[in-house]
Amino acid sequence: MNNTIESSNDSIMQQDLEEIAKDNLPIEKIAGRTVLVTGASGLIGSQIVKALACINRLKNTNIRILAFVRNEEKAKKVFADLLEREDVELVLGDINSAISIEEDVDYIIHGASATSSKYFVSNPVETIKTAMDGTTNILEFAKEKSIKGMVYLSSLEVYGTPDAGSGMISETDYGYIDPMNVRSSYSEGKRMVECLCVSYAKEYNVPVKVARLSQTFGTGVEYNDGRVFAEFIRCAMEKKDIVLHTAGNTVRSYCYSKDAVSAILYILLNGENAEAYNVTNMDTAISIRDMAELVCSIYPESGIRTRIEIPEDVSSFGYNPEMIIRLDSTKLSKLGWKATVDLPDMFIRMRKSIEERI
């Protein structure tokens with residue numbers, strides 16, 4: 001029996017998972033099927049696994065969930081509530097090696113990827129190889145198993161640096177990426193893998209779709225996460241000023257973790273093969289500096305402020321070039337999806353989630 005709740009140590013995440021389960025997703029399409037999730041111990045991958053498990057518990061859909069992980073110890077902590085359940089199985093492996101799973105697999109959500117900006121700079125070769133070789137292994141496996149559907153988790157970074165004044169960025173708009181900059185290992189890798197996905201769709205009829213995620217955060221973020229949104233909330237919790245290492249002029253769109261998971265499932269179930277979909281809350285576009293100020297204003301009792309201290313060697317941080325990139329998620333909304341959590345609540349829910357887990 002699958003009676004155990006999915007996130008006993010994080011009530012905010014549990015609320016999110018149950019809201020996804022109660023959504024109007026055509027989940028019957030994958031009832032009784034097997035879904036493989038790569039990168040399953042990561043922020044998004046883990047919540048996809050837990051959301052599917054929650055759907056099973058609340059809707060009795062009997063989806064078999066294979067959580068593909070590289071670090072078994074980490075995975076056992078992330079999925080502590082699910083280890084005794086019959087519907088979830090941890091599969092230990094590395095996407096950089098050929099995928100060997102004997103049983104039938106019907107659907108794949110491929111989220112395994114390098115995620116740290118500093119890693120893109122220090123290990124650009126590994127960043128590219130994981131993108132290309134790893135995804136080739138997943139696509140070969142998908143072809144071999146004659147899967148019914150797949151989503152590749154891409155990134156807003158495929159858009160590069162848009163022209164100034166570009167306005168909202170749709171799925172057919174692209175900016176400049178400097179291939180001679182090692183930081184481009186991630187963004188160029190994502191671009192090439194998208195092309196690889198549509199090539200497998202064209203040549204081998206692999207039914208793959210692409211989800212282009214804006215920066216995503218919310219429940220499940222670790223206290224020591226190095227990304228900017230986590231640093232800001234950690235400063236509020238520790239009552240330390242937010243120190244920016246750039247002028248903070250870059251403007252981006254963001255998405256709440258629950259909304260991103262919901263979007264990925266909408267793309268899997270309703271999306272068109274060989275198509276890309278932007279995943280973002282269009283109302284969240286904000287500069288890094290204004291976002292820092294927002295966090296200060298949400299928690300006035302912390303007494304913190306924003307300071308700018310630009311180091312001599314800022315390139316070692318792996319920051320993207322300064323840009324304005326506002327994603328347009330109209331195409332995704334036509335599949336039935338909508339964003340539900342605004343930027344202030346993203347921070348509030350993230351902080352509550354972290355505080356419950358530390």
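Reader: Where is Ile99 found?
Author: In this model, which is predicted, Ile99 is found in the loop between S3 and strand S4, the latter covering 107–110.

Reader: And is Ile99 buried or exposed?
Author: Ile99 has a relative accessible area of 11%, and because buried means under 20%, Ile99 counts as buried.

Reader: What does Ile99 touch, leaving out residues up to four places away in sequence?
Author: Ile99 touches Phe68, Asp94, Asn137, Ile138 and Phe141. As for Ala142, its C-alpha is 9.7 Å from that of Ile99 in space, and the two residues are 43 apart in sequence.

Reader: Switching to charges, how many salt bridges does the count come to?
Author: The count comes to 22 salt bridges. One of them joins Asp16 and Arg349, with the closest N and O atoms 2.9 Å apart.

Reader: Which parts of the chain does the pair of Asp16 and Arg349 link?
Author: The pair links distant parts of the chain, since Asp16 sits in helix H1 (residues 11–21) and Arg349 in helix H11 (residues 343–357), 333 residues apart. Both Asp16 and Arg349 are buried.

Reader: What about Glu19, which residue does it form a salt bridge with?
Author: Glu19 forms a salt bridge with Lys258, where the closest N and O atoms are 2.7 Å apart. Here too distant parts of the chain are linked, with Glu19 in helix H1 and Lys258 in helix H8 (residues 257–270), 239 residues apart.

Reader: Are those two buried, or partly exposed?
Author: Glu19 is partly exposed, with a relative accessible area of 42%, whereas Lys258, at 7% relative accessibility, counts as buried.

Reader: How many of the residues of H8 are buried?
Author: H8 is mostly covered, with 13 of its 14 residues buried. From its first C-alpha to its last, H8 reaches 20 Å, close to the 20 Å expected at 1.5 Å a residue.

Reader: Back to salt bridges: which residue pairs with Arg64, and where do the partners lie?
Author: Arg64 forms a salt bridge with Glu89, and the closest N and O atoms are 2.2 Å apart. Arg64 lies in strand S2 (residues 64–69) and Glu89 in strand S3 (residues 88–92), so the pair ties together parts that are 25 residues apart in sequence. Arg64 counts as partly exposed at 26% relative accessibility, and Glu89 is partly exposed at 32%.

Reader: Which residues are linked in a network of salt bridges?
Author: Glu6, Glu18, Arg57, Arg85 and Asp87 are linked in such a network.

Reader: Now the helices, how do the axes of H1 and H11 cross?
Author: The axes of H1 and H11 come within 7 Å and cross at roughly 125°, and the two helices are therefore oblique to each other.

Reader: Which residues meet there?
Author: Ser11, Ile12, Gln15 and Asp16 in H1 meet Arg349, Lys352, Ser353 and Glu356 in H11. The residues of this contact divide into one nonpolar, three polar and four charged.

Reader: Last topic, the backbone: what is the phi of Asn60, and where is Asn60 found?
Author: Asn60 has a positive phi of about 55° although it is not a glycine, and Asn60 is found in the loop between helix H2 (43–59) and S2. At 68% relative accessibility, Asn60 counts as exposed.

Reader: And what about Ser146?
Author: Ser146, also not a glycine, has a positive phi of about 50°. Ser146 is found in the loop between helix H5 (124–145) and strand S5 (149–155), and Ser146 is exposed, with a relative accessible area of 57%.

Methods. Residues are numbered from 1 along each chain as its sequence is written. This is a predicted model: local features need pLDDT of at least 70, side-chain atom pairs count only at pLDDT 80 or more; totals for chains, interfaces and linings use all residues. Side-chain values use heavy atoms; hydrogens and water are left out. A salt bridge is a side-chain nitrogen of Lys or Arg within 4 Å of a carboxyl oxygen of Asp or Glu. Helices (H or I, at least four residues) and strands (E, at least two) are DSSP runs, numbered from the N terminus. Buried means under 20% relative accessible area, exposed over 50%, partly exposed in between (1.4 Å probe, protein chains only). The expected span of a helix is 1.5 Å times one less than its number of residues. Axes are lines fitted to C-alpha atoms, for helices over the stretch in contact, and angles run from 0 to 180 degrees between N-to-C directions. Angles under 35 degrees count as roughly parallel, over 145 as roughly antiparallel, 65 to 115 as roughly perpendicular and the rest as oblique. Contact means heavy atoms within 4.5 Å. Ala, Val, Leu, Ile, Met, Phe, Trp, Tyr, Cys and Pro count as nonpolar, Asp, Glu, Lys and Arg as charged, and the others, Gly among them, as polar.
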